[in-house]
Amino acid sequence: MTKLRISTIPDSRPVKLTIELPAEIHRDLLLYAELVSEKAGEAADAIPDAARLVPLMVGRFMETDRAFQKQRRGRKPASAAGTTGVSSER
């Protein structure tokens, strides 16, 4: 049988994560969502849910953290299926 380039399909199901934020960070997150909405030219009542920004922010943070990326490249995958995205609990 021919060996396929893709040997497994990574688990890409979303993972629900519940966190508590300090009030100041929550206020800033709401302001950030409002500013994103304004920049996109959306109506004031169409401000996106701030929680939708958190995965984008965390992902971007990890993408730009050089020390994390260096250590990540040096590690072997946790499972044969590999890991993609951010996960914490199922």
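Which residues of α1 are buried?

1. This is a predicted model, in which local features need pLDDT of at least 70 and side-chain atom pairs count only at pLDDT 80 or more, while totals for chains, interfaces and linings use all residues. Residues are numbered from 1 along each chain as its sequence is written, and side-chain values use heavy atoms, with hydrogens and water left out.

2. The chain has 3 helices and 0 strands, where helices (H or I, at least four residues) and strands (E, at least two) are DSSP runs numbered from the N terminus. Of the 90 residues of the chain, 8% count as buried, a term that stands for under 20% relative accessible area, with exposed meaning over 50% and partly exposed in between (1.4 Å probe, protein chains only).

3. Helix α1 covers residues 23-39, and its 17 residues reach 24 Å from the first C-alpha to the last, close to the 24 Å expected at 1.5 Å a residue; that expectation is 1.5 Å times one less than the number of residues.

4. To return to the opening question, the buried residues of α1 are Leu29, Ala33 and Ser37. Seen down the axis of α1, these buried residues fall within an arc of 75 degrees, so they line one face of the helix; the arc is taken from the directions between the helix axis and the C-beta atoms. What covers the buried residues of α1 includes α2 (53-64).

5. On the face of α1 turned away from its buried side lie the exposed residues Glu24, Arg27, Glu38 and Lys39. Just after α1, Gly41 takes a positive phi of about 75 degrees.

Note on methods: Contact means heavy atoms within 4.5 Å.
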